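Work through the exercises below with the sequence and the structure at hand, and try each task before reading its solution.

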Amino acid sequence: MFNFFRKKSKEAKISLENQIEVLKDIGISFTTDDDGVVKELLHHFDRETYEEDPYSLLLSMIGSDLIDENDNEVRLSKDVWSFDTECVENEEIYSTIINELVSLTRGKLQIQQVKSHVDFDNEDAKVSFILDDQKYEWEIHFEDDWIDFNLLRKIGKLAIRSDKENYFIHFNDGQNLTILYTSKVKHKLINDLIKDRFSKLA
């Protein structure tokens with residue numbers, strides 16, 4: 001099943017369709033069929049761009065909130081989340097971030113009652129939630145409109161405590177951050193595909 005992972009020469013190009021099939025083989029699902037995925041991806045970048053930077057760009061794009069040709073917001077996979085880390089623009093942004101992480105786990109991380117607040121005038125931020133009947137209240141480092149990456153690490157550590165088999169992994173491409181919730185085996189398979197390595201988020 002994983003014959004696509006064989007070493008290829010530097011000159012070899014991996015087609016966009018082939019990349020999608022490989023991701024499906026390792027367990028990454030899509031919200032529409034292959035034709036729909038390809039059509040949407042090509043609405044944003046040309047084929048050559050995806051094939052020059054195989055898998056890295058594809059993973060980033062399928063986890064992003066894209067605007068399709070009809071101005072509707074779409075995400076091509078619920079197994080990947082990719083976003084701009086310069087996104088602290090509303091008072092409840094950290095609730096959105098935590099809920100997105102929880103969604104990636106498909107119910108394995110039972111964080112509930114998430115509340116957050118960013119006070120832009122006083123440069124202060126905080127978040128609270130409940131996990132396993134324990135309430136957490138954390139202060140968040142305020143840095144203009146950049147997220148506090150330490151919060152993501154702390155959520156990553158909680159995820160590891162909650163599930164010994166799976167954990168969050170992340171990859172930074174400039175200020176864009178791509179996150180998956182995965183097993184050790186899948187983590188290795190993904191890192192075998194791409195030149196830029198995903199690291200455990202903890």
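**Exercise 1.** Determine in what order the three strands of the open sheet are arranged, and which of them stand at the edges.

*Solution.* In this predicted model, the open sheet is built from three strands in the order 4-5-6, and their pairing is antiparallel. Next, look for strands with a single partner: strand 4 (111-119) and strand 6 (134-140) each have one, so one side of each is left without a neighbour in the sheet. Finally, compare directions: on average, neighbouring strands are turned by 10 degrees against each other, direction ignored.

**Exercise 2.** Find how many bridges join strand 5 to strand 6, and which residue stands opposite Phe129.

*Solution.* Strand 5, residues 124-131, runs antiparallel to strand 6 and is joined to it by seven bridges. Within this pairing, the residue opposite Phe129 is Tyr136 of strand 6.

**Exercise 3.** Identify the helices that lie across these strands.

*Solution.* Begin with helix 5 (residues 93-104), which lies across strands 4, 5 and 6 and runs at about 150 degrees to strand 4. Then turn to helix 6 (residues 149-162), which also lies across strands 4, 5 and 6, running at about 160 degrees to strand 6.

How values were computed
Residues numbered from 1 in each chain as written. Predicted model: local features only at pLDDT ≥ 70, side-chain atom pairs only at ≥ 80, totals over all residues. Heavy atoms only, no water. Pairing = 2+ DSSP bridges. Helix = DSSP H or I, 4+ residues; strand = E, 2+ residues; numbered from the N terminus. Axes fitted to C-alpha atoms, helices over the stretch in contact; angles between N-to-C directions. Contact = heavy atoms within 4.5 Å.
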